[in-house]
Amino acid sequence: MKESPVGSMLCNCNSSNKYKRLDAKLEKKMMEAIKHRGASGKNTFRSMNSIIMKFPQFKVELRNIKSVFVQCDEDSNGIIDHKELKNCLSKLQLQLSEKEMEELFHSCDFDGNEGMQFNEFIVLLCLIYLLIEPSRSSHTTSKMGSAQLEETFDTIVQAFLYLDKNGDGKLNQNDLVRALNEGSPWERSPGHISKTRFKEMDWNKNGKVSFKEFLFALTNWVGIDTDDEKEVPIT
């Protein structure tokens, strides 16, 4: 089978009441996929600064998805609706059941406006990459048709796993405090910094941050829609 067209084609409003978790079955599968990646490779991150140093790379690779987003946004209104997403996934040869697509669509619609903005679309593509089995995509070594994009997604997963100190698949504020202070124990990060960054991730305000929430916050931190000099400072 030919290569997936993803390679060739190469969200911030705090409406916590509209926030929707992944279906429990999909959430479990997601956490298993993330933990599997953690067990299958060595994590190169040793501090929060080492993650921040990857921001320029994340920014470049995630911005490359923009061309895919533009082509999928059939009416050019800056939002991919349910019908457009269905057509998009069909063109990209990413095979999901109707139920899976519905769950992912609503789960990644952070602001509840019934459409995917660019940063929400990035989150959705990454979740699909983690969820789909190789046999359900093309028969190439690259599930998404872009080895660089997949490498970026995998690196972001490693960043999440580094922050997840107790390995339960969720981040809590203590995890973030430890990560911020680990690289420079002699220069502890002010408490309000970690509290602010955690609030930016914790969309449903339950005190725990899923990978999906982490990735959405990361797209804002690296500044995918801003010039290089305007990236959001983390520490």
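**Glu150.** Glu150 sits in helix H9 (helices, H or I with at least four residues, and strands, E with at least two, are DSSP runs numbered from the N terminus).

**Ground rules.** I note that this is a predicted model, in which local features need pLDDT of at least 70 and side-chain atom pairs count only at pLDDT 80 or more, while totals for chains, interfaces and linings use all residues. Residues are numbered from 1 along each chain as its sequence is written, and side-chain values use heavy atoms, with hydrogens and water left out.

**Whole chain.** I counted twelve helices and zero strands. Of the 235 residues in the chain, 50% are buried.

**Aromatic pairs.** I found ten aromatic pairs in the structure (rings of Phe, Tyr and Trp, the last by its six-membered ring, pair if their centres lie within 6.5 Å; planes under 30 degrees apart count as stacked, over 60 as edge-to-face and the rest as tilted). One of them joins Tyr129 and Phe153, with 5.9 Å centre to centre and 35 degrees between the planes, and is tilted. This pair links distant parts of the chain, as Tyr129 is in helix H8 (residues 118–131) and Phe153 in helix H9 (residues 147–163), 24 residues apart. Tyr129 counts as buried at 4% relative accessibility, and Phe153 counts as buried at 0%.

I then checked Trp203 and Phe216: the ring centres are 5.3 Å apart and the planes are at 80 degrees, so the pair is edge-to-face. Trp203 is in the loop between helix H11 (191–201) and helix H12 (211–222), and Phe216 is in helix H12, so the pair ties together parts 13 residues apart in sequence. Trp203 is buried, with a relative accessible area of 1%; Phe216 is buried, also with 1%.

**Cluster and charges over rings.** I have Phe69, Phe118 and Phe121 down as one aromatic cluster. Lys66 lies over the face of Phe118, 4.5 Å from the ring centre (a charge sits over a ring if NZ of Lys or CZ of Arg is within 6 Å of the ring centre and within 35 degrees of the ring normal). Lys165 lies over the face of Tyr162, at 3.6 Å from the ring centre.

**H7 against H8.** I looked at helix H7 (residues 98–108) and H8, whose axes come within 9 Å and cross at roughly 140 degrees (axes are lines fitted to C-alpha atoms, for helices over the stretch in contact, and angles run from 0 to 180 degrees between N-to-C directions). H7 and H8 are therefore oblique to each other (angles under 35 degrees count as roughly parallel, over 145 as roughly antiparallel, 65 to 115 as roughly perpendicular and the rest as oblique). The contact residues include Leu104, Phe105 and Cys108 of H7, and Val123, Leu127 and Leu131 of H8 (contact means heavy atoms within 4.5 Å).

**Leu171.** I ended on Leu171, in the loop between H9 and helix H10 (173–182). Leu171 counts as buried at 3% relative accessibility. Leu171 and Lys208 are 37 residues apart in sequence and 5.4 Å apart in space, C-alpha to C-alpha. Leaving out residues up to four places away in sequence, Leu171 touches several residues, among them Phe160, Phe198, Met201, Lys208 and Phe214.

How values were computed. Buried < 20%, exposed > 50% of the residue type's maximum accessible area, 1.4 Å probe, protein only.
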